[in-house]
Amino acid sequence: MASSHCILDVGTAVGQLALEMAEQNGKDVKFGFVPALIVIDMQNDFVTGSLAVPGGETIVDNINSLIDLPFKVRVATRDYHPDKHVSFADTHKQDVFSKKIIYHPEDTEKKHGIDQVLWPVHCVADTPGADFVPGLNTSRFDIVILKGIYPDIESYSGFRDVWGRRETDLPGFLREKGITDVYFVGLAGDFCVKFTALDAVDYGFRTWVVTDAVKSIASDDAHFTEMESKGIKFLNTEDVQVALRT
């Protein structure tokens, strides 16, 4: 299991690699380096609300500093759940943080169950909890991807639901813009950031997680180790600033 210190050491090295890529390729699509920033779920309920991630408020400034950099596009995701979403403990009359096997509504034979954590009610559509956290620079987002919008379908990833049956607009948008590299920040590192980053690898993007602009629910680094095993690279805000301002 990698410690946070080791992750940041690795991040410094790959940040230098990003710098070298930027210098060599001139940040031009035809040379193969077209970066996108993806801001995951910086919403009230995940920062100060019903499912607050420890320290979530402390990464807003770092995220804003990245939003100001010359990314080709800046994307944000939001959980945007109906009242009785399948991920809510209240929906199943079970205890918060208990688990339940859930199935895609089209899986009538119940062959592909997912072991679902049952969360407190959070990020309900058209409520303050689903809004972006105050202080986040939302004016430069090129697109906002809503996820978890169907009552019976869970979606941690900004790309697709947990069964991989339905895509959001994110894959098509990134392809249309010619994106090669995606940089992830936001909440929570061990859930929506992790699953979106893992999917980014599956979709063929070079994938980076900015560790000092991410906070997690878990106190260990197991999720970072899992991401690293799939080829995801880690770096910090300063690395990105150097690479993209060169």
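I take contact to mean heavy atoms within 4.5 Å, and I keep to that throughout these entries on a predicted model.

**Entry: helix α7**

I began with His223, which I found in helix α7, residues 222–229. His223 counts as buried, because its relative accessibility is 5% and the cut-off for buried is under 20%. Leaving aside the neighbours within four places in sequence, I listed the contacts of His223 as Gly189, Asp190, Lys194, Ser216 and Ala218.

I then went to Met227, which is also found in helix α7, and noted that Met227 is buried, with a relative accessible area of 0%. With neighbours within four places in sequence again left out, Met227 is in contact with Gly189, Lys194, Ala197, Leu198, Val209, Ile232 and Phe234.

**Entry: the cis peptide bond**

Which two residues does a cis peptide bond join? I found this bond between Leu187 and Ala188, with omega at about -20°. I placed Ala188 in the loop that runs between β6 (181–187) and α6 (192–202).

**Entry: positive phi values**

I looked next at two lysines. Phi of Lys93 is near 55°, a positive value in a residue other than glycine, and Lys93 lies in the loop between α4 (89–92) and β3 (99–102). Lys93 is exposed, with a relative accessible area of 70%.

Lys110, which is not a glycine either, has a positive phi of about 55°, and I located Lys110 in the loop between β3 and β4 (114–117). Lys110 counts as exposed, because its relative accessibility is 52% and exposed means over 50%.

**Entry: helix α8**

For helix α8, residues 237–245, I wrote down the buried residues as Thr237, Asp239, Val240, Ala243 and Leu244. Why do they lie on the same side of α8? They cover an arc of only 155° around the axis, and so they fall on the same side of the helix. On the face of α8 turned away from this buried side I found the exposed residues Glu238 and Arg245.

**Entry: the cavity**

How many cavities of 30 Å³ or more does the structure hold? I found 1, and the volume of the largest cavity is about 130 Å³. There are 17 residues lining this largest cavity, and those closest to its centre are Phe46, Leu51, Tyr156, Phe191 and Cys192. When I sorted the lining by class, I had 10 nonpolar, 4 polar and 3 charged residues.

**Entry: the chain as a whole**

The secondary structure comes to 8 helices and 8 strands, and buried residues make up 52% of the 246 residues. Taking the contacts between residues at least 6 apart in sequence, I noted that 77% of them join residues at least 24 apart. The accessible surface of the chain comes to about 11000 Å², and 49% of that surface belongs to carbon and sulfur atoms.

Key: Residues numbered from 1 in each chain as written. Predicted model: local features only at pLDDT ≥ 70, side-chain atom pairs only at ≥ 80, totals over all residues. Heavy atoms only, no water. 1 Å grid on protein atoms, 1.4 Å probe; cavity = no way out; pocket = protein on both sides within 12 Å on 5 of 7 lines; lining within 4 Å. Points joined across faces, edges and corners; volume = space filled by probe spheres on them. Nonpolar A, V, L, I, M, F, W, Y, C, P; charged D, E, K, R; others polar. Helix = DSSP H or I, 4+ residues; strand = E, 2+ residues; numbered from the N terminus. Buried < 20%, exposed > 50% of the residue type's maximum accessible area, 1.4 Å probe, protein only. Areas by Shrake-Rupley, 256 points an atom, 1.4 Å probe, with all protein chains shown as cover. Arc of directions from axis to C-beta.
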